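Student: I'd like a close look at one part of this model, and then how that part sits in the rest of its chain. Could you walk me through it?

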Amino acid sequence: MTLLRLDGVSSFYGDFQALFGVSLEVEEGETLAIIGANGAGKSTLLGTIAGSVPVSSGSVVYAGQEVGRLRSHTRVELGISLVPEGRRIFPSLSVEENLLVGSYRKRPGAWTVRRVFELFPLLAPLARRAGAKLSGGEQQALAIGRALMANPRLLLLDEVSLGLAPVVVKQLYEAIPAIAGAGTTIVLVEQDIGQAIRAADRVYCLLEGRISLHGRSSELSREQITTAYFGV
Amino acid sequence: MTWVNAVVQGILLGGLYALFAAGLSLVFGVMRLVNLAHGDLSILAAFLVVAVVDAAGFSAWVGLVLIVPAMFAIGYLLQYTILNRTLESGELAPLLVTFGIAIILQNVLLEAFSADSRGLDAGSIETDSIRVTDQLAVGWFPLLTFVVSVLLLGGLQLLTSRTRVGRAMRATADDLRAAELMGIDHRRIYALAMGIALGTVALAGVFFGMRTTFFPSDGPVRLIFAFEAVIIGGLGSLWGTLVGGVVLGVAQTVGTQIAFSAGISPGWGGVLAGHLVFLAVLAMRPTGLFARTQTT
């Protein structure tokens with residue numbers, strides 16, 4: 001079943017048009033990766049799904065409902081959670097409080113503070129530490145855990161690997177099958193092509209605000225992806 | 001002994017100032033809004049109790065119980081319908097709009113209640129006191145004001161640190177956009193914070209009205225004292241606000257005593273001493289005595 005369908009979505013970043021009629025479909029339960037170079041419009045695309053970026057034309061249909069005009073806090077109630085670029089941890093709140101804020105408008109589901117600590121054991125001893133005093137990797141784990149606390153049906157991950165050491169990125173990506181295994185549909189945005197292809201069932205490639213390639217990650221060749229990624 | 005008395009009375013007066021300052025501190029902490037109508041809203045609450053007492057013959061205490069929730073509702077609606085919009089249009093808009101509300105309130109109160117002073121009758125508690133020594137007596141009413149102030153600030157502290165809504169307020173203050181991504185509607189959180197602030201300001205205005213007589217034009221001075229208490233205590237710290245109120249109160253009563261001993265007009269001496277202590281704190285510790293975070 002199709003959980004999310006974008007149809008001809010365009011969006012502006014100030015005066016600059018970032019997306020040009022992007023259409024894509026996400027099946028319930030799959031993990032989808034959106035790859036593309038810096039400035040290709042990946043984060044903007046996630047923003048239009050989460051509601052943090054306005055859609056200027058086209059439609060965003062989630063679970064059979066048009067959500068393109070809804071504000072982001074309403075979309076959280078419907079089951080769309082975004083882990084934003086730069087993690088955006090609440091600096092003055094403790095790790096545990098950050099997680100509890102994540103459950104502010106939670107849907108019914110199994111995620112609890114304890115389960116997040118099981119998924120990311122590195123967070124458990126830091127429960128009382130202020131968000132401002134975490135390392136980048138800890139912040140990213142917390143940002144993912146915080147989004148899970150709302151029990152999302154669709155989890156959007158923006159640039160999980162950005163600015164993190166490869167060993168930390170590997171740890172974070174190891175959590176993704178467990179999240180998907182619980183039935184959550186995942187759309188992740190990555191610059192790191194290798195990481196994205198390993199994690200995802202299907203891949204869309206964005207080039208200058210347009211979809212340049214899509215297919216099952218197991219069936220795409222390296223040449224196809226390179227061409228779609230760089231546009232050469 | 002007169003000096004000890006001045007300090008004791010100053011501490012208790014500080015309770016009243018902290019009561020005025022609590023809402024100002026909360027609103028600034030949650031949404032970085034400086035509400036210039038804060039003082040006038042407290043006077044509005046006092047006059048609303050006057051109206052209830054005049055119309056229905058209730059005691060001022062019953063009036064207080066009725067007006068606190070009414071001011072909560074006014075605060076919620078004011079924020080939701082008007083002030084939220086101003087916050088989206090830059091830093092100057094909220095200042096101008098709350099300044100405008102202050103002017104409107106002063107004039108509406110003047111029209112409705114005339115320029116005569118009014119007072120609220122709290123009953124025999126107003127004049128009863130506990131005799132500590134022959135020269136030192138503590139009034140029940142100032143003591144009650146102080147206790148209410150401590151309970152209120154403690155309650156606000158618990159609200160912001162331990163409850164779901166309180167966490168949402170702090171999260172919104174930290175990062176508005178990220179809070180929206182957690183499903184928090186910041187417009188409602190702001191409205192709730194303003195509602196709570198005006199509930200506390202109603203408490204402050206009515207206690208002020210029970211302590212002394214008041215005029216429709218009294219708001220701005222209340223605002224200045226509340227500001228001074230917040231700044232002395234340090235932005236973002238509720239207990240700091242209590243300490244700030246106490247420092248200001250003690251400065252004023254001791255200043256009054258100094259002026260009295262020196263044969264100057266005691267009333268002006270007290271107010272002047274309060275302002276001087278405020279300026280001294282601002283010069284030496286601009287972040288206040290208990291600033292939790294460095295404000296930029």
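Student: Within what distance do the axes of helix α2 and helix α4 of chain B come, and at roughly what angle do they cross?

Tutor: Keep in mind that this is a predicted model. Two packed helices are described by the angle between their axes and the distance between the axes. For helix α2 (residues 38-56) and helix α4 (residues 92-113) of chain B, the axes come within 10 Å and cross at roughly 25 degrees. Angles under 35 degrees count as roughly parallel, so α2(B) is roughly parallel to α4(B). As for the hand, α2(B) passes α4(B) in a left-handed crossing.

Now for the residues that touch. On the α2(B) side they are B:D40, B:L41, B:I43, B:L44, B:F47 and B:V50, and α4(B) answers with B:A102, B:L105, B:Q106, B:L109 and B:F113. Sorted by class, the contact of α2(B) with α4(B) has nine nonpolar residues, one polar and one charged.

One more residue of helix α4 of chain B deserves a stop, and that's B:L96. B:L96 counts as partly exposed because it has 13 C-beta neighbours inside 10 Å.

For another helix pair, take helix α9 (residues 219-233) and helix α10 (residues 238-262) of chain B. Their axes come within 7 Å and cross at roughly 120 degrees, and α9(B) and α10(B) are therefore oblique to each other. This crossing is right-handed. From α9(B), the contact uses B:F225, B:E228, B:A229, B:V230, B:I232 and B:G233; from α10(B), it uses B:G240, B:T241, B:V243, B:G244, B:G245, B:V247 and B:L248. By class, that contact of α9(B) with α10(B) comes to seven nonpolar, five polar and one charged residues.

Zooming out to the whole chain, you'll find eleven helices and two strands in chain B. Reading from the N terminus, the order of elements is α-α-α-α-β-β-α-α-α-α-α-α-α. A compact globule of 296 residues would have a radius of gyration near 19 Å, and chain B agrees because it has 19 Å. Along the principal axes, the C-alpha trace spans about 65 × 50 × 35 Å. Of the 296 residues of chain B, 51% count as buried. Among contacts in chain B between residues at least 6 apart in sequence, 73% join residues at least 24 apart.

Finally, the neighbouring chain. Chain B puts 16 residues into the contact and chain A puts in 20. On the side of chain B that touches chain A, the elements giving two or more residues are α6 (164-174) and α7 (176-181) of chain B, with the largest share, six residues, coming from α6(B). By class, this side of chain B has six nonpolar, two polar and eight charged residues. The buried residues in α6(B) are B:R167, B:A168, B:M169, B:A171, B:T172 and B:A173. They pack against α3 (95-102) of chain A, along with α1 (2-31), α5 (140-162), α7 and α8 (186-211) of chain B.

Definitions and conventions
Residues numbered from 1 in each chain as written. Chains lettered and ligands numbered in written order. Predicted model: local features only at pLDDT ≥ 70, side-chain atom pairs only at ≥ 80, totals over all residues. Helix = DSSP H or I, 4+ residues; strand = E, 2+ residues; numbered from the N terminus. Rg over C-alpha atoms; globule rule 2.2 N^0.38 Å. Buried ≥ 20, exposed ≤ 12 C-beta atoms within 10 Å, placed from the backbone. Contact = placed C-beta atoms within 7 Å. Axes fitted to C-alpha atoms, helices over the stretch in contact; angles between N-to-C directions. Parallel < 35°, antiparallel > 145°, perpendicular 65-115°, else oblique. Left-handed = near helix turned anticlockwise from the far one by under 90°. Nonpolar A, V, L, I, M, F, W, Y, C, P; charged D, E, K, R; others polar.
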